[in-house]
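Colleague: I am new to this model. Please take a close look at its aromatic side chains, and then describe what surrounds them.

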Amino acid sequence: MTETMQNIRKLLKGLSREDLEQLNSEITERLEEYVGLPDFFHKCMEKRFSDGLVCPHCGKKHIVRFGKARGKQRFRCKDCNRTFTPYTKTVFADTKLPLSVWLKYADCMGQQMTLRKTAKELGISLKTSFYLRHKILSAIKFHIGVDNLGGVVEMDETFFAESFKGDHKKGNPDWKAPRNSGLSRKRGKQVDYRGISHEQVCISSAVDRNGGIVLVPAGNGRLTTKQLSGVYNGKIEKSSTICTDSHNAYKSFAKSIPADLVQIERGKHKNGVYHINHINALHNKLKLWMKKRYGVATKYIGNYMYWFNWSERNSNIGWRTQGKALIYDSISSMLVLTRVDIRKTKPFET
């Protein structure tokens with residue numbers, strides 16, 4: 001037995017049960033990090049190039065190894081003569097943070113941690129925590145897209161108060177919210193108009209019986225046929241049966257597909273075997289899930305809709321596996337995103 005091991009044994013004998021449990025947790029975490037990460041990196045590469053090595057610049061497959069850069073394998077394309085790594089043209093490109101930090105961050109997202117708690121956990125700034133979240137969510141949005149729906153499709157809409165959170169400049173006493181009152185809201189609860197108005201963001205939503213889910217911000221105020229066509233263009237199979245409430249916008253939309261339309265009258269829950277119970281249940285889950293986000297700016301609400309959508313698809317896996325799955329799905333998206341791009345996010349981009 002080496003002298004180091006003897007010293008460790010002496011140290012362990014002097015620790016309390018609580019200290020030993022904490023030490024065991026810390027050692028397990030470190031072993032997972034140093035032993036499991038190489039395998040994780042390899043799987044990330046397999047995910048990115050699931051169809052074989054492809055040049056992210058020109059799309060050709062004549063690729064050769066070209067040394068390493070900062071520990072990352074480099075490749076060179078014989079067609080365009082440009083080099084790349086497994087992270088080129090992904091949200092992980094040109095990052096100063098190692099992929100291990102991104103993985104820990106994704107684990108925190110799986111645990112539903114707030115931005116501030118995540119920043120404290122990883123020892124990063126709040127701004128960095130914010131940008132990491134939206135880089136990952138933008139990649140998830142790109143990865144998921146809008147589902148193709150068919151068969152019996154339940155459609156409805158839900159609303160969130162419009163929010164300009166984060167638009168103000170700190171220390172500017174003259175800043176006013178771009179709404180009629182010019183006042184800031186507390187967690188987006190107060191609106192100036194009763195009922196559905198331009199101060200509310202409409203989330204168009206749909207589910208089918210095969211597990212397809214769509215949650216997309218369509219615009220401000222009441223949903224229109226034009227907005228429906230923009231969100232679901234080519235995404236609903238012809239001759240499907242669309243179940244909705246009595247909103248008139250769905251009539252013209254169903255004719256344009258064409259699809260059968262069954263509308264549930266006000267005050268009723270179903271029409272024969274047709275109903276919108278699944279979509280209403282999804283809205284209830286979404287409202288509870290969004291409450292834990294402590295207010296979301298309207299221009300970023302689309303990212304959170306796709307995050308909720310992704311969470312529903314992966315609800316059967318634990319938070320640690322969810323963290324890895326988030327990175328796998330993010331790295332498979334061909335998406336270059338800077339902090340400036342995130343700040344310029346538009347609220348109703350599908």
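Modeller: A residue counts as buried under 20% relative accessible area and as exposed over 50%, with partly exposed in between. The model is predicted. Y300 has a relative accessibility of 8%, so Y300 is buried.

These two residues also form an aromatic pair. Two rings pair if their centres lie within 6.5 Å, and planes over 60 degrees apart make the pair edge-to-face. The count under this rule is 9 aromatic pairs. In one of them, the ring centres of F130 and Y300 are 5.3 Å apart and the planes meet at 75°, so this pair is edge-to-face. It joins distant parts of the chain: F130 belongs to helix α5 (residues 126–144), while Y300 is in the loop between α8 (277–291) and α9 (301–313), and 170 residues separate them.

Other aromatic residues form a group. W289, Y304, W307 and F308 make up one aromatic cluster. One of its members, W307, also has a charge over its ring: the charged end of R293 is 5.1 Å from the ring centre. A lysine is placed over another ring, with K287 over the face of F160 at 4.1 Å from the ring centre.

Leaving aside residues up to four places away in sequence, I327 touches F40, C44, F92, L99, W102, L103 and A106.

The strands can be followed from β7 (residues 241–244), which is covered on both faces. T241 and C243 on one side of β7 are buried, as are I242 and T244 on the other. Strand β4 (residues 152–161) pairs with β7 in the parallel sense over 3 bridges, and here E154 is opposite C243. Strand β8 (residues 260–263) is also parallel to β7, with 4 bridges between them, and V262 in β8 is opposite C243. Helix α7 (residues 249–256) takes part with β7 and β8 in a right-handed β-α-β unit.

Conventions. Residues numbered from 1 in each chain as written. Predicted model: local features only at pLDDT ≥ 70, side-chain atom pairs only at ≥ 80, totals over all residues. Heavy atoms only, no water. Phe/Tyr/Trp six-rings, centres within 6.5 Å; stacked < 30°, edge-to-face > 60°. Helix = DSSP H or I, 4+ residues; strand = E, 2+ residues; numbered from the N terminus. Buried < 20%, exposed > 50% of the residue type's maximum accessible area, 1.4 Å probe, protein only. Lys NZ or Arg CZ within 6 Å of the ring centre and 35° of its normal. Contact = heavy atoms within 4.5 Å. Pairing = 2+ DSSP bridges. Right-handed = clockwise from strand over helix to strand, strands pointing away.
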